[in-house]
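Here is a short briefing to read alongside the structure. Keep the viewer open and follow the topics in turn.

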Amino acid sequence: MMLLKRLVAFMGAIPWVTLGAVGTGCGLALLYFYFRSIEFVPADIPAMLSASLFVGLLAAALCLYTAGSLLAPLWAYREAGLDDQTDINRPSSLWTLQLVGVGAFLLFVGYRLWRDCKNDPEFVLVPGAVFVLIGGLGWAWYQIKQTAHQHPWWRRQLSAINVCFFGVFPFLALFSVLYPSQGADGWHVGVFVVAWLMVVLATSLLFHRLPLWGCALMLMFLMPLLMISLPGLQGRISYLPTVVAEMAGIRAKQVNELRVSKGTCHLIRSALTSASAAKPVNCTEDADWGTVHAQVLSNLGERWLIEVQLDGTQPKGRNGAVRITIPGEGVHTVRQMPALSTAQAGGCRT
């Protein structure tokens, strides 16, 4: 009850009007940078203003989620009381448990890929096995070097498993921030791995130097900078505004099937060549609706911006695309949901 009273008093002291104004300004800035990246600004300014506060709150929630995920292993490690060393210049054993947790997660994912006969599961299984081996040996070395322990052996191992579970959170958070959903090359993977290893080492080094609240304040100041600068190293400067726009429902994550009116369908087909319009656009003369396979880039206001991929022999995203503004009235998105089955998901190895 005392904690609840303090929380209520803290929330009552927050200047909510000022906070709402700041959130609206941040949301407008994110929307501006996103629309600049797609070279399109909706003419409906009131729609942008009404969506800006929601966008700002989503951006703040994304930063809090990422910062909380990065702090989760450090919090679990301190609560478990596993580190008994007195040498503050040596990294704590937290890095070993994070390696074991991420390695076990990669082994699980690699096994699922191997069971379903996906391509190249060894690219996930081999790093997972290496992380488990290095982390396990490091954890055993730390346990041998410590002559006096605060907790019995079995309790330390149970606490270590708990820390391994929380050690996966930074890996997943950085993966969602740094790994492109459309695929990645060696440069993207290298930046992601280096950033994750630096986070693992930093949490082990900060164990004896900063309290948990100090680490949280430092991350809250650094998190927006990191979420902008790190994707910029990969050539994706507008990544953060794009992700927030997808979270807000302003932009679609992938190509969807759209049902549009007959006039809008003919408008889209006229913007494409006859060779490339055969597959993504289907306008039936005797029907009131047409089918278009396109990605919605903006649905704010009365006019939407869609992107239609051109046909070709190259991989997806390499053939160019056509962006068209269409009337937003009467546009419907069609998604086919997979049938629910109580049987085990089919795989080539059962």
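**Overview**

Of the 350 residues in the chain, 38% are buried. Please keep in mind that this is a predicted model. The chain holds 11 helices and 6 strands.

**The chain as a whole**

- If you take the contacts between residues at least 6 apart in sequence, 71% of them join residues at least 24 apart.

**Nonpolar cores**

- The largest nonpolar core has 58 residues, of which Phe-35, Leu-82, Leu-97, Val-163 and Trp-196 touch the most other members.
- Helix H3 (residues 45-80) supplies the largest share of this core, with 16 residues.
- Another core, of 17 residues, lies apart from the largest one, and its members include Ala-252, Val-260, Ile-306 and Ile-326.
- For a closer look at Phe-35, leave out residues up to four places away in sequence: Phe-35 then touches Phe-40, Val-41, Pro-42, Met-48, Ser-298 and Leu-300.
- As background, nonpolar side chains in soluble globular proteins tend to be buried together.

**Where helices H4 and H7 meet**

- Helix H4 (residues 94-115) packs against helix H7 (residues 168-178) at an angle of about 60 degrees, and the two axes are 8 Å apart.
- On the H4 side, the contact is made by Gln-98, Gly-101, Val-102, Phe-105 and Leu-106, while H7 brings Val-168, Pro-170, Phe-171 and Leu-172.

- Ala-173 lies in helix H7, and it counts as buried because its relative accessibility is 0%.
- Leaving aside neighbours within four places in sequence, Ala-173 is in contact with Tyr-65, Thr-66 and Ser-69.
- Ala-173 and Leu-62 are 111 residues apart in sequence, yet their C-alpha atoms are 9.6 Å apart in space.

**Aromatic pairs**

- The count of aromatic pairs comes to 12.
- One of them joins Phe-165 and Phe-169: the ring centres are 5.5 Å apart and the planes stand at 65 degrees, so the pair is edge-to-face, the cut-off being over 60 degrees.
- Phe-169 counts as partly exposed because its relative accessible area is 29%, which falls between the 20% and 50% limits.
- Phe-171 and Trp-196 also form an edge-to-face pair, with 5.5 Å from centre to centre and 85 degrees between the planes.
- This pair links distant parts of the chain, as Phe-171 sits in helix H7 and Trp-196 in helix H8 (residues 186-205), 25 residues apart.
- Phe-171 and Trp-196 are both buried; Phe-171 takes part in the contact with H4, and Trp-196 belongs to the largest nonpolar core.
- Look also for one aromatic cluster formed by Trp-75, Phe-165, Phe-166 and Phe-169.

**Gly-328 in a loop**

- Gly-328 is found in the loop between strand E5 (321-327) and strand E6 (332-334).
- Is Gly-328 buried or exposed? Gly-328 is buried, because its relative accessible area of 16% is under the 20% limit.
- Not counting residues up to four places away in sequence, Gly-328 touches Glu-302, Arg-303 and Trp-304.
- Between Gly-328 and Arg-303 there are 4.9 Å from C-alpha to C-alpha, and the two are 25 residues apart in sequence.

Note on methods. Residues numbered from 1 in each chain as written. Predicted model: local features only at pLDDT ≥ 70, side-chain atom pairs only at ≥ 80, totals over all residues. Heavy atoms only, no water. Axes fitted to C-alpha atoms, helices over the stretch in contact; angles between N-to-C directions. Helix = DSSP H or I, 4+ residues; strand = E, 2+ residues; numbered from the N terminus. Contact = heavy atoms within 4.5 Å. Buried < 20%, exposed > 50% of the residue type's maximum accessible area, 1.4 Å probe, protein only. Core = buried A, V, L, I, M, F, W, Y, C linked by side-chain atoms within 4.5 Å. Phe/Tyr/Trp six-rings, centres within 6.5 Å; stacked < 30°, edge-to-face > 60°.
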